[in-house]
Amino acid sequence: MIQSDSMGPSRLIKRRSAGSLFIEAMRFVVLSEMFLGCFSASNQPISNRMGHTVVFPLQGNVYPQGFYSVSLRIGNPPKPYTLDIDSGSDLTWLQCDAPCVSCTKAPHPPYKPNKGPITCNDPMCSALHWPSKPPCKASHEQCDYEVSYADHGSSLGVLVHDIFSLQLTNGTLAAPRLAFGCGYDQSYPGPNAPPFVDGVLGLGYGKSSIVTQLRSLGLIRSIVGHCLSGRGGGFLFLGDGLSTTPGIIWTPMSRKSGESAYALGPADLLFNGQNSGVKGLRLVFDSGSSYTYFNAQAYKTTLSLVRKYLNGKLKETADESLPVCWRGAKPFKSIFEVKNYFKPFALSFTKAKSAQLQLPPESYLIISKHGNACLGILNGSEVGLGDSNVIGDIAFQDKMVIYDNERQQIGWVPKDCNKLPKS
């Protein structure tokens with residue numbers, strides 16, 4: 001996700017079939033040294049705790065569900081909550097009974113805070129509202145947050161902290177106290193229902209991120225990864241236990257000052273192994289987006305290349321699932337029935353020798369409920385992305401993607417995401 005202070009997209013929430021775009025209203029940055037934790041030997045230097053990893057199974061799919069989610073146990077006693085995984089944002093938040101003014105339908109009852117909220121005199125509150133000052137009349141008031149969205153959806157709440165129950169792959173149980181948002185007022189006035197989750201798990205690299213907080217407690221390295229199965233499900237991991245998997249293609253991150261996004265580039269777009277003429281793309285990797293979004297020119301070229309290659313083999317047809325779809329002589333039942341009609345794309349990274357992100361047809365097409373083949377690459381300019389380019393879940397399917405903040409690099413490798421890694 002691109003932070004709002006750079007006026008870019010922060011979240012492409014799933015189940016917005018036309019790509020409704022969420023934009024954070026304020027920067028949320030928390031100083032890691034302010035977090036408390038309770039964990040056996042958690043104060044040991046991180047160098048003594050290498051190799052620790054937490055692995056979570058995932059639920060969901062690109063279509064028709066439109067998002068991947070994880071179940072976490074939070075509170076004391078711990079209760080389960082289902083969170084939409086988002087590598088494009090830092091802030092984790094839950095729908096919250098504080099009391100709840102407006103909560104959307106969700107798998108579980110709203111979270112009930114065990115203790116009072118973080119107050120305005122806490123350094124975390126100042127970091128949340130930086131570079132402005134917290135809009136507080138008194139230092140003992142609660143520290144509020146507000147997240148608003150381009151489709152006019154929003155979440156309001158307060159900062160709190162509570163226990164997260166985690167099991168590391170070495171069998172160790174951890175119970176760190178982490179900061180997150182308690183959202184008591186959600187609004188989604190758009191035509192589509194919001195994702196059926198209890199909140200959002202922010203996996204970005206900012207200091208408010210769960211990943212950064214766990215690193216500050218000495219539990220893991222600042223590394224996060226996901227493996228999204230094209231058949232649905234997959235797994236998420238925090239820590240460095242899988243970062244040495246053979247065959248990973250690594251590329252250096254491209255970070256701008258004041259931006260909190262997992263970005264790469266520049267990259268050239270290839271079609272069927274040939275240069276498309278689209279060069280110098282800067283790409284944001286965002287698991288909070290169902291689909292891939294190119295800027296207007298790159299999208300125009302992409303659509304033109306696909307149409308030219310099809311050359312009437314399939315007929316374009318209207319389908320509410322996505323803007324551009326094709327139908328065959330009879331409805332398609334799976335992507336494997338239609339993939340031979342299409343050719344692969346690839347993104348070739350000019351600053352990383354031989355580094356390419358392969359996009360075979362199954363990485364940019366879906367089969368709709370009507371049996372049509374629909375293009376999962378969309379025009380980002382039409383949803384407020386401007387010149388930005390976002391790589392979403394459709395392109396991540398059947399690949400393990402790793403965001404290594406320690407070495408400032410992102411890697412990927414083909415993977416059977418239906419199999420959880422062994423401890």
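A polar contact is a pair of N or O atoms within 3.5 Å; within protein, one must be able to donate a hydrogen and the other to accept it. The exercises below use a predicted model.

**Exercise 1.** Find which backbone oxygen the side chain of Thr-302 reaches.

*Solution.* Start with the location: Thr-302 sits in helix H3. Next, look at its side chain. It reaches the backbone oxygen of Ala-298 at 2.8 Å. The cut-off for a polar contact is 3.5 Å.

**Exercise 2.** Decide whether Thr-302 is buried or exposed, and list what it touches.

*Solution.* Take the relative accessible area of Thr-302, which is 0%. Buried means under 20%. Thr-302 is therefore buried. Now leave out residues up to four places away in sequence: Thr-302 touches Leu-269, Phe-294, Phe-345 and Ile-377. Finally, check Ser-276. It lies 26 residues from Thr-302 in sequence, and their C-alpha atoms are 8.2 Å apart.

**Exercise 3.** Work out the strand order of the four-stranded open sheet, and say which strands stand at its edges.

*Solution.* Read the order across the sheet: S17-S18-S22-S21, with antiparallel pairing. S17 (315-317) and S21 (365-367) each have a single partner strand, so one side of each lacks a neighbour in the sheet. These two are the edges. On average, neighbouring strands are turned by 35 degrees against each other, direction ignored.

Technical notes
Residues are numbered from 1 along each chain as its sequence is written. This is a predicted model: local features need pLDDT of at least 70, side-chain atom pairs count only at pLDDT 80 or more; totals for chains, interfaces and linings use all residues. Side-chain values use heavy atoms; hydrogens and water are left out. Two strands pair if DSSP finds at least two bridges between them. Axes are lines fitted to C-alpha atoms, for helices over the stretch in contact, and angles run from 0 to 180 degrees between N-to-C directions. Buried means under 20% relative accessible area, exposed over 50%, partly exposed in between (1.4 Å probe, protein chains only). Contact means heavy atoms within 4.5 Å.
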